[in-house]
Structures are given as structure tokens and as C-alpha cells.
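Here is a short report on one protein chain and its ligand. The sequence and model come first, then the notes.

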Amino acid sequence: MAIKAPKGTKDMMPEDAYKWHYIEDAFFKICDEYGFGELRTPIFEDTNLFNRGVGETTDIVQKEMYTFEDLGHRSITLKPEGTSPAVRAFIESKHFADMQPSKYCYNTPCFRYEKPQAGRLRQFHQFGIENFGASSMMADAEIIAMADDFLKRMGIDEIELHINSVGCRECRTKYRKALQDFLRPHYDELCSTCQSRFETNPMRILDCKSKDDQEIVKDAPLMVDYLCDDCRDAFEELQENLKAMDIQFKVDPKIVRGLDYYTKTAFEFVTTKIGAQGTVCGGGRYDHLIEEIGGPSMPGVGFGLGKERLLMLMEMCGSDFGKPVQPEIMIAFIGNRAKHYALNLVQYLRHNHVRAIVDTQERNLKGQMKYSNKVGVKYSIVIGDDEIESGELTLKNMETGEQTKIVKEEILDKIRRG
Ligand code: ATP
Ligand code: MG
């Protein structure tokens, strides 16, 4: 039986590649404009990085990681997200000793053992940015502003920015207790996942996808009502900063990133256009993460943006992806002598950055022309004995049928003028 791609993975074929290139070029362009420099880290890391950096109580660590032992008996994990590796690289390179902030961006595959469905894969791809070293809400606003700007540039209109504050260790401890007190009488009605979250990570119950659980948490106490003065001021400051940048948002008290090292800002860009997996971009502040991973005590804030969900949404919105790149000219040939002339000519054109092709199947002239039609070239030249002897070539415009007598040196000029 033929071997298939692993469940939850997708190939990118050349006919779709231009869309990926389009969003990647746009992403790195905007990163340049906002001052984020590209960071690349390995596809796999020491498993402990994610145990610490994502957190033992999260779904990711508990049931979604691709973990294996390598031949040297090390526990290795394919990266399920980009922030912890970025933090590790930041610490390992000692860039924490530089003048701050350090601003990084990345484009990476991520691996999570999830139930595959539309917008949910086992290998998916993320853009991300991180700002390390800034505690000011200007950094949070800048991160959000870049996501907002990028999504707009990608032609996405129907999307909402939801923001929340998850507080700090102090105020969250009080909130956590209030939430547990509220949920305790409903414990038996919660789904089994949320029952296990009750002690370890009760805030995650708030964003459980189960309808019954949603009903239970409808009137649960909200973190915003428990924020300490510092966290409340920060949340207000963030909103002022966003308003100053004309960025529309909604306060959504149900957004959580229920981990100890997540602090203050949490945000999501959400749409109903692509079905249930409507969060295209999510992020927030993590003032204890760098320390948790073994670096100095230093704040951080960032986002992750799913490229597959972005592409789905762009398709729905009829966004412009640019066009697939096509070859410009086909050099056809009749006979062996002409083949070598054609090879020489096609190489001359390519050295001059013309997208030129020859038929490597060595079909007869009819077959070569059929092939050039399939590929969709704009021009063709047929080489035969006459052309070799006289040096006079016939350039055919395949769209208009127009034929022009030309010598080799004139081809570049003619093609560039269109
Ligand atoms: P979700 O609530 O949809 O599971 P998440 O909170 O697990 O998302 P993050 O860890 O914040 O997601 O990752 C950032 C972004 O990566 C998400 O907003 C989404 O666009 C994308 N993403 C996450 N998991 C997947 C997946 N399995 N397949 C495709 N894209 C994903
Ligand atoms: Mg998830």
C-alpha cells in the first residue's frame, strides 16, 4: 500500500507555495518596520524546556507533545510552540546582558498531538514575535499593534481583538481561590478534563470548549474584579495606549493563559469566519518565564499567529496573495544540434534572470509546444537548423500570436519591455 503523509500533516505543493511566500515576505517586512529581528532555533529541544516553559499543567505538556528518546538516551521534544525556545536562545546567547529590549521574530513549524480537524493540525506553522526586557505597557501595545497591522495588511476585515488581564501572582492567587469556591458545588458536572484542571489550573476551565462547562462558568467571578492596583493600572494603561494608536478592541474577561508565569496582558484575535478554530493569533505577557527557564528575572511579551488559519481566513476574505510565478519563455528545438543550441540559449537567458524553460522530456516539437501551453509561458522560440545558421530567431508571443524576428542579444530587451 502507498505510504501516506502522517495524520494531521499537510504537504505544501508548488501551486500553493506562492501564497506561503506572500505571507512570509509580508511578515518579515512588517517585522523590519517594527524592529523585530529574525531568530531561528532548532526544531527539537530538550524536553525539560517545555515542561518548564509551557508548564506541567497545560494540555500541551500533558497530552500533546511529540517526545522521544534519541540514540544518546536524551529526552527530545519537537517544538510545540515558539516562545520557550526563543527564551532559551536569548538566555544562552547572553543577550540579556545587552541594552534592552531584545525584539525577536520567528517563522516556525510546531508539533502538537491533537485531534486533526479544519484549522487544527499536528504539524502547523506559526509566525511569532517576542519583546524581552520591557515591563512597560508600551511593549504590549506595540506587539498587539503589529498583529493588528499585519492582519489588516493581509486583507482581513472581520476579526476582533479581545484583551484581558490575567493579573500577577499575588492577585491571581486570590482570584484562583474565589474561582475554586465558585466551581466547587459544580465539580461533579464538569467535564473530566476540567475536573482534573480544578486543582492544577482552574482558570483554564473558563475557556473549556464544552457547552455544559460554558454554562457553568457563565456567572463565575472574573479576574478583572480581582486585579491588584498595579495590574489594574497596567490594564488601563494598555487600553489608553491602544486607543492612542486607533486600535479597536473588546475587553473579554474569559481569555486566560492560566500559567504562573503569565502575567497581566492576554489577548486574542478571533473570527467566526473559519469555524470553530477561530483564534488566529494569541499572545500576552509572561514576566516570570525568562527566570523560570534559567535566565535573569526579566519580563517578556509576545504573540503566536497560526499560518494555516491565517491562510484559511485570507481565502474567506478574498485577500490578494499575489500571483504564482510562471516561466516567461520556452526554448523549443528540432533535432540534436538544435538541442545543444537551445541549452546554451536557455542558460544565457537564466544567467540574465529570465525565467526560461526547455523540455527535458525531449519530446518532438508538437509535444514541446503542448508542454509550453500547459506551463503557460508568454513567449517561445523554436530552434532549428535555419536559426542556428542565420542566427536569426523568431520570438512568438503566445498570447497574441505576434511573431518577431530577433537576434539573441535582443531577447532580453524585448521580454523586459513586454
Ligand atoms: P487553540 O485555542 O485554538 O487550541 P492555542 O491557545 O493552543 O489555540 P497558541 O498556543 O496560543 O494556541 O498558538 C498560537 C496560534 O497558533 C493559535 O492562535 C492558532 O492560530 C495556531 N494554532 C495553535 N494550535 C494549532 C493547531 N493544532 N493547528 C493549527 N494552528 C494552530
Ligand atoms: Mg490549543
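## Polar contacts of ligand 1

Gln126 places a polar side-chain atom 3.0 Å from an oxygen atom of ligand 1. The model is predicted. Two further contacts involve nitrogen on the ligand side. A nitrogen atom of ligand 1 lies 2.6 Å from an N or O atom in the side chain of Glu114. At Leu121 the backbone takes part: one of its polar atoms is 2.9 Å from a nitrogen atom of ligand 1.

Taken on its own, ligand 1 has 590 Å² of accessible area, and the protein covers 86% of it.

## The shell around the ligand

Around ligand 1 there are 16 residues. Those that come nearest are Arg112, Glu114, Leu121, Val280 and Arg309. By class, the shell holds six charged, six polar and four nonpolar residues.

Which elements give two or more residues to this shell? They are β6 (123–132), β10 (279–285) and β11 (300–306). The most comes from β10, with four residues.

## The eight-stranded sheet

The strands β6, β10 and β11 belong to an open sheet of eight. Its order is β1-β5-β6-β11-β10-β9-β7-β8, with mixed pairing. In this order β11 stands between β6 and β10.

β1 (37–38) and β8 (250–251) are the edge strands, and each pairs on one side only. The partner of β1 is β5 (residues 102–111); the two run parallel and are joined by two bridges.

## The three-stranded sheet

A second open sheet has three strands in the order β2-β4-β3, paired antiparallel. β2 (44–46) and β3 (67–69) each have a single partner strand, so one side of each is left without a neighbour in the sheet. Neighbouring strands here are turned by 35° against each other on average, direction ignored.

β3 and β4 (residues 75–78) run antiparallel and are joined by three bridges. Thr67 has Thr77 of β4 as its bridge partner. Strands of a sheet pair through backbone hydrogen bonds, either parallel or antiparallel.

## Domains

How many domains does the assignment give the protein chain? It gives two: domain 1 (14–168 + 228–316) and domain 2 (329–417). The C-alpha centres of domain 1 and domain 2 are 49 Å apart.

Terms used. Residues numbered from 1 in each chain as written. Chains lettered and ligands numbered in written order. Predicted model: local features only at pLDDT ≥ 70, side-chain atom pairs only at ≥ 80, totals over all residues. Heavy atoms only, no water. Pairing = 2+ DSSP bridges. Axes fitted to C-alpha atoms, helices over the stretch in contact; angles between N-to-C directions. Near = heavy atom within 4 Å. Polar contact = N/O pair within 3.5 Å; in protein donor to acceptor, adjacent residues only side chain to side chain. Areas by Shrake-Rupley, 256 points an atom, 1.4 Å probe, with all protein chains shown as cover. Nonpolar A, V, L, I, M, F, W, Y, C, P; charged D, E, K, R; others polar. Domains from an automatic or database assignment.
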